[in-house]
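Hello,

Here is the structure I promised to pass on. Please look it over, then read my notes below.

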Amino acid sequence: MDFDRDFGVNQVFVEDQYERWRNNPAAVSPEWQQYFARLHGLPTPPTFQASAWSQPAPTPAPGGDGNGHAAIAFPPQTGFELLSIPAPAQERLQAEILQEKVGELINAYRIRGHLFANLDPLGLLQPPPPELEIEHFGLSEEQLDKPFATGDFAAGEGEMTLREILAHLKRTYCRTIGVEYMHGEDPAIKRWLQERMEAAQNTPTLSREQKLRILARLTDAETLETFLHRKYIGKKRFSLEGAESLIPLLDWLVEEFGRQGGEEIVLGMAHRGRLNVLVNVLGKGLRELFAEFEDTEIETMMGRGDVKYHLGYSSDRTLPDGRSMHLSLAFNPSHLEIVDPVVEGRVRAKQDRTLNWEGAPAPRDPERRKVLPVLIHGDAAFAGQGIVAEVLNLANLEGYSTGGTIHVIVNNQVGFTTNPEDARSTPYATDIGRVLRAPVFHVNGEDPEAVVWAVQLAADYRQQFQQDVLIDLYCYRKYGHNEGDEPAFTQPRMYEVIRKKKPPREVYAQRLAQEGVATGGEADDLMRERMARLEAELERTRKEGARRTFSAMAGLWSKYRGGPDPATPDVPTAVPEPKLRELLMKLSRVPDGFTLNDKVAKLLDGRRKLAEGDGSEPFDWAIGEHLAFATLLDEGAPIRFSGQDSRRGTFSHRHAVLADMRDGKRYTPLAHLREGQGRFDIFDSPLSEAGVLGFDYGWSLDMPEALCCWEAQFGDFVNGAQVVIDQFISSAEDKWNRLSSIVLLLPHGFEGQGPEHSSARLERFLQLCAEDNMQVCYPTTPAQFFHLLRRQVVRSWRKPLVVMTPKSLLRHKLAVSSLRDLTQGSFQRIIVDPAAKKAKRVLLCTGKIYYDLITARETKKRDDVAILRFEQLYPLSDASLSEAVKPFKDAELVWVQEEPFNMGAWYHVRARWPEVVGRGRLIPVARAESASPATGSEKSHNHEQKLLVEQAFGDAKM
């Protein structure tokens, strides 16, 4: 019986009552007895009054089915003794009970069939205890040839024998594909999958040409690996052997996605099989690959580049209908899954991209069906690395959705030397994907036809439902973790089996020969042809010479540049005052009928008054930021801003998105400046650093004209994304010639809030600085922040920007600017104090400590002390520093920072500027060295801060 339609969420309770009634009607209340009797067309028993304990315990009659289903026997107290049930009615009831048992059998195969599928090409998986035998459902062999209604079982027949139903179920759910999909709540999705899988019995209908294409792709995969193994003995390449079915899988996916209107696929994967994917899916030239193996460019590669199995590639592939599909494989470090959020961000940018920013900003792919993210994982990494969970959580969020990702797990059944039982606490490597209720297609990699069917279903599902889907490709790893490793040390039994295995290509070739599709000779000829081509290309490479190729800045990036800072001039970033006033007025308005919070209304009124003032009125950090955004948007530049609580701002200063106090509807003034403005998106991110920063970094790679900002809730939390910073943001240009202009906004400053709310670890960023790879700034005024953000877009130089942003300075009475500061000049890397040109002591500092110093100088009336602010710590030329200290020839130079001696900028200053200073020792003033950034005591902090300022002026011992 299907009670879902009538009882909804109470279905489970009703089903339980029904089972109890079937075993013994007396076990349920008279009302349920009457209801279930009516369902079966039986006379309803009379109602009567009786206490629950006055009824005897149910007594099953002889002839039960062995599965808790007793034969129909009505105790005399139930009222059924008054009824004489005709034999036809009893037969009908028994037939319905058998039919329901068949329904339970079908449902069990849908839920549990994957556990009994033939998934492991090595045959090492232990089968689970039997639970799908018909006896477990109260059925017997006597009923195998009895016909039953198939109901919603999508077999194409209204009625089948039990024998036929079993054969159909086993072929659909227990062959070389095992499917997990019944854990989802959406009945439409379950019906959709059932209809496709059960009607086809999870078996594709392939033409001879399609089967030969699969064989050709397997041959491409195997010959490349075999050739490289012979020619470059002992060289690491992280072979695909044992998992060659990945190549026909991806080949099929490209064409199927194209058939459904797709235009572009972005892939992310770790190193195993990467070279094979580069050549046989993306079409990377063999000469390029061989040049990387030959490795003859010793001097030109010193200190740059990356190993061959980390490199990315892009190409255009012509589809059968003549259209082009753009394929991109993202560059990836050895941190395996860390590329996942980067790929998702790139895809989101491609989907968001507006074809004409001067016109109405409409996304290129609003339904997110034209650009597809494909992530290829290892089994151990997918289960073990936390970034996977972070990225899965982004899947359905407004600011991060990409319309569904196809995940392919290359399941080697071992992680380096670690067995699955030591690597995860779940049966499957894919179980983390269940958080999204995503269907999982477990497939035996030695059956390439099942593999292409799985990817066909996955592509259809993604396009239909815009949700993630997983393919668990069971395979093996022919060699160890790399080609020089001995896996038999730790997996002796597994590798005894592997050594005896025929390659997947050979297994499939034999199958096609048995089917009469291709003879063994044809398969061998194909192998020899591929080998001959590889030999010819290698000989040509060695004869003519070949060099590594580095992708040039083309397409979207043709207008932008990286390289040395001095090679790209600074640009003016000032904005005319009338334009600033106009934008301020727009930022102060909300739609008619919009009810503001009283405090927010006051804030918007302040914007209006500033627009109407004479230009000298002071404004705070939030106004400077809003005007930077507004002017860029007005000029047509898009902006993406994300971070934890960023819409309001952690410190309640931004209020970029306003909420109506009556109905909660949102309004974003920055998105309503004018027709045709740049697109403005600001998102409150989930509580994730690595996943969100990786996503935003990826977005910046495909949107070079945009301002892309990621904001930490506190700068201290950025260390949760350290892998993204180390492996991508700071080093991508040097390793892969890839530029990004992402902006990291990191609240920083010692204010007595303890060790985890004081420091964005400025020292770590400065340690990563080299070759003008990124910018590290610590601005001290709203105007400086305004010019800095505008410079990031207006200047054609594209480098990451790390900004130490304020907390207490957001509302500090001295940390203010005026509109006039925005109408002239540009960002100043060093601000020289004009008040003390004949100073005897010069305090060099950066950031918030400046305000403590000028306050103390005024209090102490020390006009013999000058203060220099380093607004940009990197890159900073020797010439600019020399020019800054030039007026103070005979003065003593003191570096002042509020961070401990072993943190902050001091080590960077001491290492990079001793020759420039050129006048003896530069004296440091800092907190004492410490293993932790800051004290947890507010009073101790105040004492330390006061002492530090006294030392800076020479009024206390250091």
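Eight strands form an open sheet with mixed pairing, in the order β3-β9-β10-β8-β7-β4-β6-β5. Its edge strands are β3 (177-180) and β5 (313-318), and each pairs on one side only. On average, neighbouring strands of this sheet are turned by 20° against each other, direction ignored. Strands (E, at least two residues) and helices (H or I, at least four) are DSSP runs, numbered from the N terminus. Two strands pair if DSSP finds at least two bridges between them.

This is a predicted model: local features need pLDDT of at least 70, side-chain atom pairs count only at pLDDT 80 or more, and totals for chains, interfaces and linings use all residues. Residues are numbered from 1 along each chain as its sequence is written, and side-chain values use heavy atoms, with hydrogens and water left out.

Strands β4 (residues 264-269) and β6 (residues 324-329) run parallel, joined by four bridges. I265 has L327 in β6 as its bridge partner. Helix α8 (residues 246-259) packs on the sheet. It touches β4, β5, β6, β7 (371-378), β8 (406-411) and β10 (469-474). Contact means heavy atoms within 4.5 Å. The direction of α8 makes about 165° with that of β7. Axes are lines fitted to C-alpha atoms, for helices over the stretch in contact, and angles run from 0 to 180 degrees between N-to-C directions.

Now to S818. It lies in the loop between β18 (801-805) and α27 (819-822). Leaving aside neighbours within four places in sequence, S818 is in contact with G615, S616, E617 and F619.

Best wishes
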